[in-house]
Amino acid sequence: ACGKAREHGKASQLLSALAQSRVQSDAVAFNIFMSACELSGEWENALELLNSMTQSKERPDAITFATGISACEKGSKWELAWQLFSVMPRRKVESNMITLNSMLSAFEKGREWEKASNLLMKMVQSRVGCDNIAFNASISACETGAMWDRALYFLSLMVRRNYFQRN
C-alpha cells in the first residue's frame with residue numbers, strides 16, 4: 001500500500017519499527033519496502049534496504065534484485081543497476097525474465113544500446129528466453145543510439161520468432 005501510494009517515507013518508518021520490534025522481518029517484507037522506495041523514485045533508500053537485508057539473516061532473491069535494479073533505472077543509475085545485476089551470481093541468485101528486463105530497461109534509459117543489444121542476444125540464446133518487453137527495451141536503446149540497423153534486426157527477429165502473436 002505504501003508503494004502504490006508512493007509513501008516511501010512511511011515504508012521506511014514501518015521497516016525501522018519492524019526492526020526494533022521482536023517481529024522477524026522476512027524477504028517479502030524487505031521486497032515490499034524496497035518496492036515502495038522504487039515506485040517513489042527513492043533509489044538510494046531501496047539500495048539501503050537491500051544492504052540492510054544482506055546484513056540480516058534474509059537472503060535477497062530475484063525479486064529483491066529486480067526491484068533494486070528497477071529503482072536504479074528510475075534514478076537513471078544504470079551503472080549501479082549493472083553492479084547489482086553482476087552481484088547476483090555470487091549471491092547464488094539466478095536471473096530471470098524480470099531481472100533481465102529490468103536490466104535492459106536500465107540500459108535503455110542510460111542510452112547503453114550496445115550493452116542492451118548484447119544482453120538481449122544472450123537472452124535469445126539462453127533457456128530464459130525473452131519477451132516483448134526485452135525486445136522493446138533493446139529496440140528503444142538502439143533507437144537512442146541511432147543504431148537503426150540493429151533495431152531493425154531485433155524487429156525482424158521478433159517477427160521471425162512470432163513474438164507479436166504469442167504476447
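Let's start with Trp43, which is found in helix H3, residues 43-55. Helices here are DSSP runs of H or I with at least four residues, strands are runs of E with at least two, and both are numbered from the N terminus. Before going on, a word on what we are looking at: this is a predicted model, where local features need pLDDT of at least 70, side-chain atom pairs count only at pLDDT 80 or more, and totals for chains, interfaces and linings use all residues. Residues are numbered from 1 along each chain as its sequence is written, and side-chain values use heavy atoms, with hydrogens and water left out.

Back to our tryptophan. Is Trp43 buried or exposed? Trp43 has a relative accessible area of 17%, so it counts as buried; the cut-offs are under 20% for buried, over 50% for exposed and partly exposed in between, with a 1.4 Å probe and protein chains only. Which residues does Trp43 touch, leaving aside its neighbours within four places in sequence? Its contacts, meaning heavy atoms within 4.5 Å, are Ala71, Cys72, Gly75, Lys77 and Leu80. Take Cys72 from that list: Trp43 and Cys72 are 29 residues apart along the chain, yet their C-alpha atoms are separated by 5.5 Å.

That brings us to the helix pair itself. Two packed helices are described by the angle between their axes and the distance between the axes. For H3 and H4, the axes come within 8 Å and cross at roughly 155°. The axes are lines fitted to C-alpha atoms, for helices over the stretch in contact, and angles run from 0 to 180 degrees between N-to-C directions. H3 and H4 are therefore roughly antiparallel, given that angles over 145 degrees count as roughly antiparallel, under 35 as roughly parallel, 65 to 115 as roughly perpendicular and the rest as oblique. The crossing of H3 and H4 is left-handed, a label used if the near helix is turned anticlockwise from the far one by less than a right angle, with right-handed for clockwise. On the H3 side the contact is made by Trp43, Ala46, Leu47, Leu50 and Met53, and on the H4 side by Thr64, Gly68, Ala71 and Cys72.

Now for H4 in its own right. H4 has 13 residues and reaches 18 Å from its first C-alpha to its last, close to the 18 Å expected at 1.5 Å a residue; that expected span is 1.5 Å times one less than the number of residues. How many of the 13 residues of H4 are buried? Eleven of them are, and H4 is mostly covered. Among them are Phe65, Ile69 and Glu73. The buried residues of H4 pack against H2, H3, H5 and helix H6, residues 97-109.

H2, one of those partners, covers residues 27-39 and also has 13 residues, with a reach of 18 Å. Its buried residues include Phe30, Phe33 and Met34. Just after H2, Gly41 takes a positive phi of about 80°.

Staying with backbone angles, Ser76 is not a glycine, but it has a positive phi of about 55°. Ser76 sits in the loop between H4, residues 62-74, and H5, residues 78-87, and is partly exposed at 48% relative accessible area. Further along, Ala146 also has a positive phi, near 55°. Its place is the loop between helix H8, residues 132-144, and helix H9, residues 148-160, and Ala146 is partly exposed at 49%.

One more residue, Cys130, lies in the loop between helix H7, residues 113-125, and H8. Cys130 is buried, with a relative accessible area of 8%. Leaving aside neighbours within four places in sequence, its contacts include Met97, Leu120, Phe135 and Tyr163.

Finally, the whole chain. The protein chain has ten helices and zero strands. Of its 167 residues, 43% are buried. Among contacts between residues at least 6 apart in sequence, 58% join residues at least 24 apart.
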